[in-house]
Amino acid sequence: PNYLAQDSRGILYVSDSGDWDAQDGRIFAHLPSGETLLLETASFAYPNGLAIDPIEQLLIVVESSLPGVVSYPLETLLTSPKRSERWLAPPDSIPDGIVRCADGSVLVTFYQPNMVLHLREWVLEDLIRDDAGILLRSPTNGAFFGANLDRLVLANLEGDHLLEVRTHLVGAALVAPRESS
């Protein structure tokens with residue numbers, strides 16, 4: 001298992017990246033009933049970060065060896081998953097993690113090059129880049145924290161440290177399962 005995302009129905013999605021370049025990655029859905037389903041797709045290209053969009057229509061998946069970000073409609077995800085949108089990362093890059101923002105956009109962390117990109121409505125904007133790798137060294141994951149979710153921390157795999165970054169963005173609150181009636 002690599003990354004987790006949960007929707008308000010209580011379904012927990014888990015990525016299993018598989019082997020690099022083998023196109024054998026998998027995503028599982030663990031249902032509130034306790035049953036675990038393997039999502040059937042042609043392939044996942046080393047799935048890493050997962051996120052549910054704010055209106056809970058899409059599962060957003062970072063596919064590192066694609067390289068890029070793809071989305072799958074939640075409505076049909078458990079029965080017949082099909083990609084609905086795709087954004088390709090720059091060539092020779094390795095996108096890794098994903099962080100949800102309150103405005104519905106996402107941040108994509110990159111193992112290489114040392115950068116974090118802001119993806120809003122499938123349009124890319126640079127957020128932070130450190131070509132020399134002095135402060136940002138293979139940022140694999142991130143999270144907003146603080147009382148207002150207005151502080152961003154990034155895990156740097158090669159730098160072996162956490163880095164706090166000040167941005168104009170605010171993180172999305174964690175999704176809690178709805179109470180069943």
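## Strand E11 and its neighbours

Valine 106 has leucine 119 of E11 as its bridge partner. This is a predicted model. Strand E10 (residues 106-112) and E11 run antiparallel and are joined by five bridges. Two residues separate E10 from E11, and the two strands form a hairpin.

On to the next strand. E11 also pairs with strand E12 (residues 123-129), again in the antiparallel sense, over six bridges. Here arginine 120 stands opposite valine 123 of E12. E11 and E12 form a hairpin too, with two residues between them. In that turn, glutamate 121 has a positive phi of about 50 degrees.

E11 (residues 115-120) has five of its six residues buried, so the strand is largely enclosed by the rest of the structure.

## Aromatic pairs

The count of aromatic pairs is two. Tryptophan 20 and tyrosine 46 form an edge-to-face pair, 4.9 Å centre to centre with 70 degrees between the planes. Tryptophan 20 lies in the loop between strand E2 (12-16) and strand E3 (26-30). Tyrosine 46 lies in the loop between strand E4 (36-38) and strand E5 (47-52), so the pair ties together parts 26 residues apart in sequence. Tryptophan 20 is partly exposed, at 42% relative accessible area. Tyrosine 46 is partly exposed, at 22%.

Phenylalanine 44 and tyrosine 72 have ring centres 5.6 Å apart and planes at 65 degrees, so this pair is edge-to-face. Phenylalanine 44 lies in the loop between E4 and E5, and tyrosine 72 in strand E7 (residues 68-73), so the pair ties together parts 28 residues apart in sequence. Both phenylalanine 44 and tyrosine 72 are buried.

Technical notes: Residues are numbered from 1 along each chain as its sequence is written. This is a predicted model: local features need pLDDT of at least 70, side-chain atom pairs count only at pLDDT 80 or more; totals for chains, interfaces and linings use all residues. Side-chain values use heavy atoms; hydrogens and water are left out. Rings of Phe, Tyr and Trp (its six-membered ring) pair if their centres lie within 6.5 Å; planes under 30 degrees apart count as stacked, over 60 as edge-to-face and the rest as tilted. Helices (H or I, at least four residues) and strands (E, at least two) are DSSP runs, numbered from the N terminus. Buried means under 20% relative accessible area, exposed over 50%, partly exposed in between (1.4 Å probe, protein chains only). Two strands pair if DSSP finds at least two bridges between them.
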